[in-house]
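My notes follow in the order I looked things up.

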Amino acid sequence: MGGREVEVGIIEAKPSTVPMPVSLNARTVAYETSEVRPQVTGVIKKIYFTQGSTVRAGQPLYQIDPSLYRAAVHEAEANLASAKATAESAKARAARLKPLAEMEAVARQDYTDAKADAGVAQAAIAQASAALETARVNLRFSTVPAPISGTIGRNLVTVGALVSDNQTEPMAVIQRTDPMYVDMQQSASELVALRRQLSQGGAQPGSTEVRLQLDDGTDYGLPGQVQFSEVTVNQDTGTVTLRAQFPNPEGLLLPGMFATAIFDQARNPGAFLVPQGAVQRDFDGTGYVMLAGPDGKAVRRNLDAGRTYKEFFVVTKGLKKGDRIIVQGLNGLRQGMPVKAVAASEPQPVERPKPAGQGR
């Protein structure tokens, strides 16, 4: 085909490794959650915290009436003192009978019995000591501490309420929200396809950095990191849970919030980035670009451009390194037309038709 050359702007096709970002439905989860529960039975006498405040691990939260447990300690201390006194007496008796038994001044059985009594009395000391330790532990449990540091929620019991060590309801719930977990749900079929690509070399592992878009469409400013992926599939949803960890110093993320997690789960090696304006479509949806051929003529090239990355199409098939892709001057360009290829300049504004009656 003859005709005047058409000047076109071109870029040279260069392969690169292109991230493959994924967007997953996600929900925030507290980093640590602890239900405050009593370990002894009794009546609540005092409450030491303010609802919604930050508490530290070990900080007293509730005081259960300690009267019975303090009395149990005193009783155990008395029992231990009695056992020690009995043991001393039994030990002394056995010591007195030993030389007499050797001289056969007393029956050897009397000494054997005294020695056994001394052993029993020593064992009674150990039992009384254990009982005293148990009583002291129960007395200590009458003060209910915070098991973890974090934000404590509403108080679920009041002063005067009876609580027990086997109750099902917690007294309060503490949550640590800095850092914060974000659980992401990914289709099991997508994950299997990705792992197949990785094993066959069609993709490379991506970054573990995650960006978070909140439910109102705004971006959460701090990036997170993928921590792990579960190895089982949820039978109800057919998804696998991936967990990321995000810093949350200002407390913007709250447990239970919905969000969208975006991260580069893999990378496409050897792909080409082509400006979206250079890729055209046939009626059947087939994508193609126009190239400046080595003979100075325009050449059409079909390609596989199934996804986008920023302002580019990601081309995985149809191009090779060094192809001269026409990105400017495409209007009316057809295969076989002579072209004069120049390096593409900055994108030109679209020329809009002028109103009738106006000249150039």
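I took helices (H or I, at least four residues) and strands (E, at least two) as DSSP runs, numbered from the N terminus. Two strands pair if DSSP finds at least two bridges between them.

The model is predicted, so I kept to its limits: local features need pLDDT of at least 70, side-chain atom pairs count only at pLDDT 80 or more, and totals for chains, interfaces and linings use all residues. Residues are numbered from 1 along each chain as its sequence is written, and side-chain values use heavy atoms, with hydrogens and water left out.

**Strand β9**

I began with the pairing of β9 (residues 172-187) and β13 (residues 239-246). They run antiparallel over eight bridges. Asp183 sits opposite Arg243 in β13.

Next I checked β2 against β9. I found eleven bridges, again antiparallel. Here Glu32 faces Arg176 in β9.

Strand β7 (residues 150-152) also joins β9, by two bridges in the antiparallel sense. Thr151 is opposite Gln175 in β9.

**Ser34**

Ser34 lies in strand β2 (residues 15-36). I listed its contacts (heavy atoms within 4.5 Å), not counting residues up to four places away in sequence. Ser34 touches Pro147, Ile148, Ala172, Val173 and Ile174.

**The open sheet**

I traced an open sheet of four strands in the order β6-β5-β3-β8, with antiparallel pairing. Which strands stand at the edges? They are β6 (143-145) and β8 (162-163); each has a single partner strand, so one side of each is left without a neighbour in the sheet. Strand β5 (residues 60-64) meets β6 through three bridges. Gln63 stands opposite Thr143 in β6.

**Annotated domains**

I looked up the UniProt record last. Its positions are given in the numbering used here, feature names are shortened, and annotations may be inferred rather than shown by experiment.

The unreviewed entry lists a "Multidrug resistance protein MdtA-like barrel-sandwich hybrid" domain at residues 33-175. I get 49% helix and 20% strand over residues 33-175, with the end C-alpha atoms 4 Å apart.

The record also places a "Multidrug resistance protein MdtA-like alpha-helical hairpin" domain at residues 74-142. That span is 91% helix and 0% strand. Its end C-alpha atoms lie 16 Å apart.
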